[in-house]
Amino acid sequence: MTLVAEDISCRRDGRLVLDDISFSLPDGTMTALLGPNGAGKTTLLRVILGLEKADGRILLNGADLSTLTRREVARRIAYVPQTNTVAFAYTVADMVAMGRLSHARFGLITPADDKDAVTGALARLNISHLADRAYTQLSGGEQQAVLIARALAQGGRTLLLDEPASALDFGQQKRLWAQLRDLAEQGYTILCTTHDPLRAREIFDVALLMRQGRLVDCGAVGSVLTDEGIDTLYASAHVP
Amino acid sequence: MKGIASLACAFIVLVIVAVASLCVGRYPIPLHDCLQFLFSFFHASPTPSVTRSILLQLRLPRLEAAMLAGAALSVSGASYQAVFRNPLVSPGILGALSGAGFGAAVAIVLNYPAWMVSVSAFTGSVVAVLAGVGIARLSGDRSILMLIFGGLVSNALFTSLLSILKYLADPDDQLPDIVFWLLGTLARVTPETLSLVSLPMLVSIVLLCLTGRLLDALTLGDDEARSLGVPVVAVRSVVVILATLLSALTVAMAGIIGWVGLVVPHIARLIVGPGNRLVLPMSALIGAIFLLFADDLARCLSSAEIPIGIMTELSGVILFLILLPRVRSSLKGSWR
């Protein structure tokens with residue numbers, strides 16, 4: 001399964017926020033999306049998910065995502081938000097079960113394999129013991145693991161993560177990256193925004209560098225995330 | 001399984017409270033006579049004619065009205081709380097109650113008959129919600145925040161229009177009618193009104209109870225719900241329409257009955273947890289029990305009937321204060 005973006009451009013209030021972006025991510029790769037604040041990283045994730053309209057095409061395994069329904073997209077691509085404020089104290093099992101909504105008929109009738117998918121996702125993230133705990137009372141690292149488990153329960157093989165490590169301490173970050181690495185080894189395609197190019201150099205396979213809505217560089221982390229490349233990416237953002 | 005058992009228990013309590021409600025009142029009816037009357041539906045058995053006519057013409061319609069109104073307001077409140085991602089929201093947030101008050105006051109000032117007051121209240125309620133949604137749409141933004149803003153403006157508009165009508169109304173005749181109507185009562189519910197509103201209310205309650213899992217996703221926020229495959233705008237529109245229909249029909253039938261839609265969903269969450277798949281049916285059952293209980297108090301506490309709106313607000317406040325520590329701990333870490 002390959003995630004391909006072709007000539008993606010997006011305007012917001014008349015301003016070009018994504019400018020002609022194209023890339024291709026083979027399955028099983030762990031890709032870091034880097035760039036200064038306002039570069040368009042989150043917007044790119046939103047466009048891939050179909051949450052924001054844009055020109056161009058997003059293809060997943062050859063299928064144009066714009067031709068699929070929202071439920072069909074949700075079964076192929078899962079989104080792990082940066083932080084989420086939950087108004088009600090759902091249990092961890094309930095949160096992960098929400099990942100199965102795209103498999104339910106009219107959102108109402110639960111398929112028979114739902115329970116297996118939920119317990120399987122919890123087990124893969126080693127959080128089965130948290131199943132009956134309230135999501136709102138977990139630590140940041142545990143919450144992030146629950147959101148990844150929910151993404152796995154959706155059943156797709158492509159995960160988009162928006163700065164998943166931003167609210168985590170060092171130990172939690174280490175566990176998160178190990179979990180993501182493990183998933184990539186199992187064939188999951190992972191696209192993840194991050195503000196930590198040095199860590200990205202150690203963990204990720206591929207890096208996409210964005211600045212002012214444009215993709216400025218793309219390739220294996222060793223060749224793209226050089227000291228000079230990192231300096232250029234972040235320093236130039238402050239030049240008027 | 002625990003959730004299903006809780007629902008079954010609540011249903012049994014509802015049946016017990018319903019039978020007890022048939023017995024109590026200014027003309028007490030022995031339990032034996034009540035049961036005999038109820039079983040006479042299945043096979044002929046002699047029931048004293050006075051008892052029979054009281055039960056058939058007064059208490060049964062009232063029982064049905066109380067259960068329907070309680071269930072409707074509670075399910076409506078729980079749905080609104082999920083859609084607005086806020087556990088402190090009640091069915092009046094989009095202007096349904098202030099619109100209904102204005103609609104009823106218009107009919108009273110124009111000296112229309114009682115059934116027109118109900119129709120006008122229903123119309124006012126729907127118009128106020130449409131105005132709220134319309135004002136939100138003017139901004140071109142479909143976010144929850146703009147919807148709340150629209151409801152705020154609509155509420156203020158129809159409350160001020162109601163105040164104008166109160167000011168203009170005849171203080172000896174019409175003004176007391178308006179005030180009494182606004183306090184809410186089940187005394188004026190007729191079998192004809194019930195036959196009109198029962199089916200749409202029941203259908204709306206059942207449909208909303210089926211949307212529980214989708215509502216859970218909506219409480220996570222629009223983008224997250226969309227990424228889980230939920231058609232957010234469609235689901236939110238359907239839920240708001242059904243919840244508004246429930247509030248509007250209840251207000252048209254019985255006037256403004258406050259606090260039920262706010263308090264009951266919290267009690268339901270304390271029993272079955274926050275998942276709306278169980279919260280909505282549990283709210284329906286507890287709402288029906290709560291309003292039956294409030295109506296029994298309204299009928300029995302004094303020689304003149306106390307408006308039920310006063311009873312629900314009083315008992316709702318007391319209940320909420322008792323439950324506050326548990327509600328607080330159940331919301332801990334979630335809504336701030």
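Biologist: In what order do the four strands of the open sheet in chain A come, and in which sense do they pair?

Modeller: This is a predicted model, in which local features need pLDDT of at least 70, side-chain atom pairs count only at pLDDT 80 or more, and totals for chains, interfaces and linings use all residues. Residues are numbered from 1 along each chain as its sequence is written, while chains are lettered from A and ligands numbered from 1 in the order in which they are written. The order is β2-β1-β4-β5 in chain A, with antiparallel pairing, where two strands pair if DSSP finds at least two bridges between them. Helices (H or I, at least four residues) and strands (E, at least two) are DSSP runs, numbered from the N terminus.

Biologist: Which strands stand at the edges?

Modeller: Those are β2 (15-25) and β5 (63-64) of chain A, each of which has a single partner strand, so one side of each lacks a neighbour in the sheet. Strand β4 (residues 55-60) of chain A is joined to β5(A) by two bridges, and L59(A) has D64(A) as its bridge partner in β5(A).

Biologist: And what does helix α1 of chain A touch on the sheet?

Modeller: Helix α1 (residues 41-49) packs on the sheet with contacts to β1 (3-12), β2 and β4 of chain A, and its direction makes about 65° with that of β2(A). A contact means that the C-beta atoms of two residues, placed from the backbone, lie within 7 Å, and angles run from 0 to 180 degrees between N-to-C directions, the axes being lines fitted to C-alpha atoms, for helices over the stretch in contact.

Biologist: Switching to chain B, at what angle do α8 and α13 pack?

Modeller: Helix α8 (residues 191-210) and helix α13 (residues 276-300) of chain B pack at about 150°, with 7 Å between their axes. I205(B), L208(B) and C209(B) of α8(B) meet L280(B), P281(B) and A284(B) of α13(B).

Biologist: Where is the kink in α3(B)?

Modeller: The kink, of about 40°, is centred on L55(B), the bend at a residue being the angle between axes fitted to the seven residues ending there and the seven starting there. Helix α3 (residues 49-83) of chain B has 35 residues and reaches 49 Å from its first C-alpha to its last, close to the 51 Å expected at 1.5 Å a residue, where the expected span is 1.5 Å times one less than the number of residues. After α3(B) comes R85(B), with a positive phi near 55°.

Biologist: How many residues of α12(B) are buried?

Modeller: Of its 13 residues, 11 are buried, so α12(B) is mostly covered. Just after α12(B), G273(B) has a positive phi of about 85°.

Biologist: How many residues does each chain give to the contact?

Modeller: Chain B gives 28 residues and chain A gives 24 residues. On the side of chain B that touches chain A, α9 (212-218), α10 (222-227) and α14 (308-331) of chain B each supply at least two residues.

Key. A residue is buried if 20 or more other C-beta atoms lie within 10 Å of its own, exposed if 12 or fewer, and partly exposed in between; C-beta atoms are placed from the backbone.
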